[in-house]
Amino acid sequence: MTRMQLRTKAWFGDEDLTIDFPASWKLIEIGPRDEPALTVEAMRECLSRPIGTRRLSEIARGKRNAVIMVDDLTRPTPGADLLPLLVEELTSGGIPAHDITVMLAGGTHPPASADERAKKVGSGLSSAVKVLAHDSRGDLVNCGRSPAGLPLHINRRVMESEVKIGVGCIYPHPVAGFSGGAKIILPAVCGVETTRMMHDYLRGSHERGGSIQTELRQDMVAVARRVGLDGIVNVTLNRHRAICGLFAGDVVQAHEAGVRAAQRLYAVPMCPEAEVVVADMYPFDTSWQFAQDRGMWPVEQATGEVSRVVIAACPLGMGTHELFPVDSPLWSRIARRLSHFRLADLDRPLEKLRTVAQLIRRKQHHLMVLSPGLHGQDLTSMFPHAQRFGDWPALRAALLARHGEGPVTVAVYRCAPFLIPTAAVLGQEVGVSEPTLTRQPTSA
């Protein structure tokens, strides 16, 4: 047998998963570059040399309190590795631990539960630090309108904090181009109406891993500046969900440096000759909501009669999102896309129609989904032809029944939500000093 070891169940064990195929099958691994994890001292060194801002301990001097905003459990950022270092910086600058708040900034996601908060911050954080979860329908401050006209309703605790730091990781994003940066304010600590209008009316990237020089990103940055975001600490992650790059400093300069690193780390070639395409959703495999949104691209770009395999443990089941519920029927998702036209949108009808066409194409996929956390009927609203399998041997048997003993070419896209096809990376805009990237194949 030919074997490959993956990871599974992010936040719920981060366990090893072995998948195997007949020896006659050709196995091609496509994944992130295998970067080593940063040591604690290396992370401290990065924090001591921020990009475009003063050191956090210097920013904290003379200030009474601080808030550290970090993404929630739907994102893979290992908060337990970062937060104690940031508290260390703030306290060395004179802010007592009991005047520091860690805010799980989940936008319009349901507010993080106590268990989810504990998983995110870990056990090494001082008990004096308050840990809260943003509620998009909770206590908000009306901050007027953004430059693009969004009504700004922002978390009160954030607005009342004298030092504001945003924490997250950088990976390709379907609307923002890349995650991280100013997204930790808009939409992560905003009200539901602010977030709804942002998604409906501001132009973002045309593709995941695409441009960050967009109307959407410009408004995010402007709002972060107005709110007084003092800096960001953004990271890139390796295939084990460990920090391999840390970019601290100005909300634009540090973010752009992180995006360039993410391009190099996550750029991969495609494998058009594959007869079996496997999309591994780790580390976005906590729920189907975010797994299918972030990592489905390899099976969607596959053509012909290939077998499309998705691996997503989904310990939280289907998951949920107030604005984009994954279990809503196709007609309602299409209706939403078409219902938000305005006069300014008349120059981009093809963009709207492409989105609708993508939703319709998804409906036709015959997926084979390895997911012990889902039930078969969970998938049918979006993928009526999907088959759900509870373990790998059952899914492997189905592949053998379809393809026989081979030879068969299998392409496994490890950590698919992180990856970016090389052609998309080459077209990315990142500030004025965008590097020229070369193909970075990763194979077993």
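Helices here are DSSP runs of H or I with at least four residues, strands are runs of E with at least two, and both are numbered from the N terminus. This is a predicted model, in which local features need pLDDT of at least 70 and side-chain atom pairs count only at pLDDT 80 or more, while totals for chains, interfaces and linings use all residues. Residues are numbered from 1 along each chain as its sequence is written, and side-chain values use heavy atoms, with hydrogens and water left out.

Let's walk back along the helix. Helix 13 covers residues 392-403, and its 12 residues reach 16 Å from first C-alpha to last. That is close to the expected 16 Å, where the expected span is 1.5 Å times one less than the number of residues.

Which residues of helix 13 are buried? They are W392, L395 and L399, where buried means under 20% relative accessible area with a 1.4 Å probe, protein chains only. They lie on the same side of helix 13 because they cover an arc of only 70° around the axis, taken from the directions from the helix axis to the C-beta atoms. These buried residues pack against strand 2 (15-21), strand 15 (276-280), strand 16 (307-311), strand 17 (367-370) and strand 18 (387-389).

Now step back to the whole protein chain. It holds 14 helices and 20 strands, and 56% of its 444 residues count as buried.

Notes. Buried < 20%, exposed > 50% of the residue type's maximum accessible area, 1.4 Å probe, protein only. Contact = heavy atoms within 4.5 Å.
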